[in-house]
Amino acid sequence: MQRRAQRDQRAKRLTRVLAGAAAVPVMLVAAGCSSDSGSDDGKDKAADTTTASASASPSPTVQAAKFGKLPEPCAALSKKTLDKMVPKAGSGKEGASNDTANRGSCSWDSLADNGVKGSQFRWLSVSMLRFESDVARGAGDELASAHYTKQLRDAQTAEGAQAVKTTPVSGTGDEAAIVRYDLKKKEGTFKQQTVVARVENVVVTVDYNGAGLAGDKTPDADDLAKAAQKAAQEAVAAVAAANGSAAGGSSSPSGAPSAPGSTSASPKSSSTPGKS
């Protein structure tokens with residue numbers, strides 16, 4: 001009996017030990033679940049921090065345009081240059097503009113009467129267009145460069161233009177080219193010269209043409225081209241001076257886009273056919 005009682009007591013103790021041992025894994029599992037839950041919270045907080053950081057990133061910016069204004073268009077060329085290109089033309093006619101800080105133009109014309117030999121007609125126009133930097137559209141100089149190319153192509157495809165030639169021009173702003181062609185009208189043959197130049201965020205266009213009327217001889221196109229290029233250089237310098245800086249300019253000629261049917265050393269330019 002005594003031995004049986006001892007065996008029963010040992011069996012009860014063994015049962016309690018096994019029961020306690022079985023409880024340990026349950027507690028460990030519970031602890032593990034609690035630990036994992038805390039880890040997920042940390043990941044969520046880290047993700048929230050990353051998202052907040054991304055949303056707080058700086059807004060996109062664009063480089064500011066260099067030139068903030070334009071010169072008086074009718075004062076962009078020197079009196080000496082005007083006297084040579086449009087003799088006795090007097091004061092220029094300023095084009096209408098409701099935004100003179102961004103666009104301006106001026107034109108002159110002259111008619112030199114040579115008696116029975118006829119007369120010499122000249123027409124000159126200077127126009128300027130300034131582009132402001134814009135986050136949505138881009139930097140001012142890039143917008144100006146795109147317009148420069150468009151101006152050249154417009155000149156190359158002017159209505160009625162014949163024998164179109166385009167040549168790069170050096171030393172005039174950041175890029176420049178001259179488009180030359182003949183324009184035949186009932187009064188005579190007009191020799192058209194269009195110089196388009198870009199300096200930073202401003203595009204300058206010089207239109208110059210001449211014709212011999214009533215029997216007078218047709219002017220030399222090369223002489224007109226040289227005069228037009230000089231005028232473009234002066235206009236570019238006027239833009240820089242109006243903004244308190246010296247005119248920049250590439251020392252090598254810039255390229256120009258080709259126009260359909262043009263015979264050019266290197267195409268590019270814009271303009272409006274000359275005034276008759």
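The model is predicted, so local features need pLDDT of at least 70 and side-chain atom pairs count only at pLDDT 80 or more, while totals for chains, interfaces and linings use all residues. Residues are numbered from 1 along each chain as its sequence is written, and side-chain values use heavy atoms, with hydrogens and water left out.

**Helix α4**

- Helix α4 covers residues 221-242; helices (H or I, at least four residues) and strands (E, at least two) are DSSP runs, numbered from the N terminus.
- The 22 residues of α4 should span 32 Å at 1.5 Å a residue, and its end C-alpha atoms are 32 Å apart, which agrees; the expected span is 1.5 Å times one less than the number of residues.
- D220 caps the N-terminal end of α4, with a side-chain oxygen 2.9 Å from the backbone nitrogen of D222.
- G244, which follows α4, has a positive phi, near 75°.

**Nonpolar core**

- The largest nonpolar core has 33 residues, and L77, W108, L124, V204 and V206 have the most contacts inside it.
- Elements that each supply at least two residues of this core are α2, β2, β3, β5, β6 (188-199), β7 and α4.
- A nonpolar core is a set of buried Ala, Val, Leu, Ile, Met, Phe, Trp, Tyr and Cys residues joined through side-chain atoms within 4.5 Å; buried means under 20% relative accessible area, exposed over 50%, and partly exposed in between (1.4 Å probe, protein chains only).

**Largest pocket**

- The largest pocket holds about 220 Å³ of space; a pocket is an open set of points on a 1 Å grid over the protein atoms alone, where a 1.4 Å probe fits, with protein on both sides within 12 Å along at least five of seven lines, and lining residues have an atom within 4 Å of a point.
- Its volume is the space filled by probe spheres set on the grid points, which are joined across faces, edges and corners.
- Of the 14 residues that line the largest pocket, K84, M85, R122, Y208 and L224 lie nearest its centre.

**Second largest pocket**

- The volume of the second largest pocket is about 170 Å³.
- It is lined by 13 residues, with R103, G104, S127, M128 and L129 closest to its centre.
- β2, β3, α3 (140-156) and β7 (202-213) each give at least two residues to this lining.
- By class, the lining of the second largest pocket comprises 4 nonpolar, 8 polar and 1 charged.

**Residues in strands**

- E175 lies in strand β5 (residues 175-185) and is buried because its relative accessible area is 11%.
- The side chain of E175 makes polar contacts with the side chains of S145 (2.9 Å) and R198 (2.6 Å); a polar contact is a pair of N or O atoms within 3.5 Å, and within protein one must be able to donate a hydrogen and the other to accept it, while residues adjacent in sequence count only if both atoms are side-chain atoms.
- T166, in strand β4 (residues 161-168), counts as buried at 0% relative accessibility, and its side chain makes a polar contact of 3.1 Å with the side chain of Q156.
- K165, also in strand β4, counts as partly exposed at 40% relative accessibility.

How values were computed: Ala, Val, Leu, Ile, Met, Phe, Trp, Tyr, Cys and Pro count as nonpolar, Asp, Glu, Lys and Arg as charged, and the others, Gly among them, as polar.
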